[in-house]
Amino acid sequence: MGIEIKEDIKGKEVLELAFKHCLKCSTCKYSYKGFAPSCPSGETFLFESYWASGRIRLIRGLINGDLDWTEDIKHPIFACTTCGACADSCQAPHADFIIDMIEALREMAVKHVGPGPNQAALVDRALQTFNPYGEPNSTNEDLKRHYNLPEKAEWVYFIGCTSNYRQKTIRDATLRFLKNAGINFTLIDEHCCTSPMIRTGQVDIVKDFMVYNVEQIRKTGASKVVTSCAGCYRTMKKDFEKFGVSLDFEVYHTVELLKELFDANKLQFKTTYNKKVTYHDPCHLGRHMGLYQTPREIYKKIPGLTLVEMERNRNHAWCCGAGGGVKIGYPEWAIEISEERIKEAQATGATVLSSVCPFCRTNLSDANEKHAGGLEIVDLLEILDQVGIERRSSGKK
Ligand code: SF4
Ligand code: SF4
């Protein structure tokens, strides 16, 4: 089983671990709940290299020279949403590192045969406009003026590129919530959190972006950062450190801030939301970060709202299909994956499919529209915005 990894690559030790321990048992292909298929990649392409078990073999073959770096090899490498369902099911010692391995494989692929389809554009655009959408960079000064935000504050709201340039209703609902909840916060001139680059193996520019964001946050004197994006959350909380960028502030997802405020009895609702809602676990919040219960607790507090679960939920959830560079690399396939989630949501009888990630919202909305799913797709913060939320005057300090 021994193999010498000569290349100087990130995650080398992890790869050695996997080569030693992967039994090819195929547990990574199914979720424990009823042995339901859980890997969007394997289930679509039905060939071993598209499941985690095969990808580990692929890495081994590429490293020891049994396989050549060709254009064809790019498809199994990049057609994976890095959803983490395989890592959740695998019981071997390398399980927690399967996503790192896939990302390390992509880094190697970028060096040998170039980036995945359309994915070079993410870096080109980010280099020009500091966001992967190529939109003129918003310094967020207009928003700061509009919401009368200070230069120095306890909190920074890190909006994230998808909410700032594509899903602005999430951004605006979050800003209104933070104001109404009486949070002392401000905004910074953000550069992309670098999640799209890391997930697609294009890591050369990420450290500069991370350092810039940390410096901007430092200038505000904030000790806490809150984001409404599951991707930004995972990246700041897990990846900054991996790239040698240490944080001198705490990172929250909005659901964690909401929980803290509700637990301290500081918030109250103004109206009700009389709808049946099903919740989609974003991979970057659920499987990647272990936050399953916190968002559910918030939904359950909303007066009138009935929360129902989809067949596959929490760590067994089916991915929305957008992550890991799949939305830009294979847009039609991304929607196919999401269509399966839409059908699962419809089966619950809910009229609303809700999540806490702007990227999930984008892809679920695209699939819902394309296949006339008839669901209302909204973020939790948008629901709270509709219901109206305010700070209790008598809240405990
Ligand atoms: S990755 Fe884990 S679950 Fe998959 S075949 Fe290897 S040991 Fe089994
Ligand atoms: S990360 Fe998701 S799509 Fe990729 S191999 Fe694992 S289960 Fe399949």
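Visitor: Which residues surround ligand 1, and which class is represented by 1 member of that shell?
Guide: In this predicted model, ligand 1 is surrounded by Cys22, Leu23, Lys24, Cys25, Ser26, Thr27, Cys28, Ala52, Ser53, Ile56, Cys90 and Ala92. By class, the shell around ligand 1 divides into 8 nonpolar residues, 3 polar ones and 1 that is charged. The class with 1 member is therefore the one in which Asp, Glu, Lys and Arg are counted, and its name is charged.

Visitor: Is Lys24, which has a positive phi, buried or exposed?
Guide: Lys24 has a phi of about 60°, a positive value although the residue is not a glycine, and its place is in the loop between helix H1 (12-21) and H2. Around Lys24 there are 11 other C-beta atoms within 10 Å, and because a residue with 12 or fewer such atoms counts as exposed, the word for Lys24 is exposed.

Visitor: Is Thr194, another residue with a positive phi, buried or exposed?
Guide: The phi of Thr194 is near 90°, a positive value in a residue other than glycine, and Thr194 lies in the loop between strand S2 (185-186) and helix H11 (195-199). Most residues other than glycine have a negative phi. Since 28 other C-beta atoms lie within 10 Å of Thr194, and 20 or more are needed for the label, Thr194 is buried.

Visitor: Which helix supplies the largest share of the shell around ligand 2?
Guide: The shell around ligand 2 holds 14 residues, of which the closest are Cys39, Ser41, Cys80, Cys83 and Cys86, and by class it has 8 nonpolar, 6 polar and no charged residues. Helix H2 (40-45) and helix H5 (85-89) each supply at least two residues of this shell. The largest share, 3 residues, comes from H2.

Visitor: Which strands stand at the edges of the open sheet of 4 strands?
Guide: The strands of this open sheet have the order S2-S1-S3-S4, with parallel pairing. An edge strand has a single partner strand, so one side of it is left without a neighbour in the sheet. The strands at the edges are S2 and strand S4 (250-253).

Visitor: Which residue of S3 is the bridge partner of Tyr157?
Guide: Strand S1 (residues 155-158) is joined to S2 by 2 bridges in the parallel sense, with Val156 opposite Thr186, while S1 and strand S3 (residues 224-227) pair in parallel over 4 bridges. Both faces of S1 are covered, as Trp155 and Tyr157 on one side and Val156 and Phe158 on the other are all buried. Not counting residues up to four places away in sequence, Tyr157 touches Thr174, Leu175, Leu178, Phe185, Leu187 and Val226. In S3, the bridge partner of Tyr157 is Val226.

Visitor: What is the handedness of the β-α-β unit made by S8, helix H18 and S9?
Guide: Strand S8 (residues 352-355) and strand S9 (residues 376-379) run parallel and are joined by 4 bridges, and the partner of Val352 in S9 is Glu376. Together with helix H18 (residues 358-370), these two strands make a β-α-β unit that is right-handed.

Visitor: Which residue stands opposite Val352 in the pairing of strand S6 with S8?
Guide: Strand S6 (residues 276-279) and S8 pair in the parallel sense over 3 bridges. Val352, which has Glu376 as its bridge partner in S9, stands in this pairing opposite Val277.

Methods
Residues numbered from 1 in each chain as written. Chains lettered and ligands numbered in written order. Predicted model: local features only at pLDDT ≥ 70, side-chain atom pairs only at ≥ 80, totals over all residues. Near = placed C-beta within 6 Å. Pairing = 2+ DSSP bridges. Right-handed = clockwise from strand over helix to strand, strands pointing away. Contact = placed C-beta atoms within 7 Å.
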